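Trainee: Could we go through this model together? I'd like to start with the pockets and then move on.

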Amino acid sequence: MSILGIDIGTTSVSFAVLNEESKILERAVTVANGSFIKTEEPWEKLQDAALLEEKVIGKARELLLEIPHISSIGLTGQMHGILYVDQRGNCVSPLYTWQDGRGNQPDFGGRSLTACILEEYGEEVYTGYGWLTQLYNRRKNIVPDTAVSFCTIADYIGMKLTDRKSPLLHGSMAASLGFFDAGKKQFKRDILEALGAGTDMAPEVTDKVSPLGTFCGVPVYTAIGDNQASVLGAAGTAPGASLINMGTGGQISVVTDRNIQVSGIETRPYLDGRYILVGASLCGGRAYAILENFFRQYMEGAGLEACAQYGIMEKILEEAEISRPLKVRTTFQGTRIKPDMRGSIEGIGEDNFTPAALIDGVLKGMAGELYDMYREIAARTGLETEVIYASGNGIRKNKYLQKAFEQAFGKKVILAPYQEEAACGAAMSCRF
């Protein structure tokens with residue numbers, strides 16, 4: 001028998017059919033997400049949930065017809081963001097994604113919600129997190145009148161696959177909404193009620209990967225967070241297992257048995273009663289894309305065809321000898337704690353103000369940002385590993401970024417065994 005794992009990502013949706021016994025990937029399909037909604041506000045990042053529902057359910061039905069021995073369906077997807085549902089279980093809003101910036105807008109006495117909550121309650125909750133979105137929308141009176149609850153896009157797809165009328169969130173997804181006590185496995189209702197966040201709309205939470213119902217006769221299970229699914233699909237569940245993910249954003253994740261707090265690091269529920277300590281870089285793989293766009297704009301200015309520059313950038317590195325590297329800080333979109341921080345380039349001289357040194361510096365900056373977070377985790381937990389697993393196209397397709405991470409961490413970096421590691425992890429989660 002085989003299991004179908006579905007990963008509803010920010011830019012793409014992946015489907016993986018994994019053999020239950022051998023763990024061999026039998027089939028993999030990826031389609032573009034293509035659901036972003038244009039808005040007047042540059043900080044507003046919304047997606048069309050109905051379009052995603054149509055894409056995911058249509059492709060899932062195709063795969064079940066094509067591969068009749070699929071015995072279960074596991075789900076994962078982009079965390080933090082929310083959409084609203086009515087009492088019949090239908091979506092009544094767009095998906096407010098994890099990239100949405102409303103929590104950082106100075107709309108409340110010149111202060112943002114993130115700043116207000118940190119100052120008044122000592123709670124670090126970041127923009128794009130579901131409860132912060134809910135609180136902003138309530139204060140702005142833009143919560144849909146028919147909304148009775150909210151959930152992530154993966155949880156909503158689980159509802160529509162099984163005709164559920166209300167969402168059921170695994171702890172890994174619930175924690176991604178913010179204001180969650182990982183030890184007690186429940187929302188911090190006292191703070192939420194004091195803030196007037198509308199706890200009557202809170203979704204139900206379970207600490208087990210639980211059956212939601214069936215789709216075409218096949219059991220469907222609660223979604224787990226895409227971070228947790230990636231760690232499961234790439235590195236496993238043993239304490240110390242570590243994963244670098246370099247996609248739109250960047251993350252370093254370390255599995256631990258302990259529910260501990262590390263400054264600037266998130267403690268997220270995992271599986272088997274374990275936790276994941278996660279450090280996140282907002283720019284992540286996009287830092288390299290920003291640099292590629294810089295070179296692309298130069299090509300346009302020179303009157304040449306504005307083609308992709310990644311191959312040329314790699315060729316430049318192959319042929320270059322960099323005797324004095326540049327020090328590049330790749331916080332081009334700030335950090336979770338300091339959203340207004342920006343990147344920098346240091347050590348510029350006549351001999352190293354070159355494309356090669358800049359490319360090299362950006363790659364090392366991307367690796368260094370996550371390494372600093374890894375050191376914080378290692379210092380607090382004592383956890384070390386000889387091998388770091390890596391996932392995401394940002395690192396999988398860039399051998400120079402792989403080398404930059406090996407140099408920064410001083411450890412062997414091994415690519416995850418599955419390219420669709422989150423979808424494969426979602427499939428594996430059905431058996432926990």
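Trainee: Which residues lie nearest the centre of the largest pocket?

Mentor: Asn245, Met246, Gly247, Thr248 and Gly392 lie nearest its centre, among the 46 residues that line the largest pocket. A pocket here is an open set of points on a 1 Å grid over the protein atoms alone, where a 1.4 Å probe fits, with protein on both sides within 12 Å along at least five of seven lines, and lining residues have an atom within 4 Å of a point. Before we go on, note that this is a predicted model, in which local features need pLDDT of at least 70 and side-chain atom pairs count only at pLDDT 80 or more, while totals for chains, interfaces and linings use all residues. Residues are numbered from 1 along each chain as its sequence is written, and side-chain values use heavy atoms, with hydrogens and water left out.

Trainee: What volume does the largest pocket have, and how does its lining divide by class?

Mentor: Its volume is about 1,300 Å³, and the lining has 13 nonpolar, 25 polar and 8 charged residues, with Gly counted as polar.

Trainee: And which residues are closest to the centre of the second largest pocket?

Mentor: Those are Asn104, Thr127, Leu282, Gln333 and Pro339, out of 30 lining residues. The second largest pocket holds about 890 Å³ of space, and helix α2 (residues 113–121) gives the largest share of its lining, 3 residues.

Trainee: Switching topic, what is the strand order in the open sheet of 6 strands?

Mentor: The order is β19-β20-β18-β17-β23-β24, with mixed pairing, where two strands pair if DSSP finds at least two bridges between them. β19 (266–269) and β24 (412–415) are at the edges with a single partner strand each, so one side of each has no neighbour in the sheet.

Trainee: How many bridges join β23 to β24?

Mentor: There are 4, and β23 (residues 387–391) runs parallel to β24; Ala390 stands opposite Leu415 in β24.

Trainee: How many residues of helix α13 are buried?

Mentor: In α13 (residues 421–429), 9 of the 9 residues are buried, so the helix is largely enclosed by the rest of the structure. Buried means under 20% relative accessible area, exposed over 50%, and partly exposed in between, with a 1.4 Å probe and protein chains only.

Trainee: Last one: what does Asp107 touch?

Mentor: Leaving out residues up to four places away in sequence, Asp107 touches Tyr136 and Lys140, contact being heavy atoms within 4.5 Å. Asp107 is partly exposed, at a relative accessible area of 34%.

Definitions and conventions. Helices (H or I, at least four residues) and strands (E, at least two) are DSSP runs, numbered from the N terminus. Grid points are joined across faces, edges and corners, and a volume is the space filled by probe spheres set on the points.
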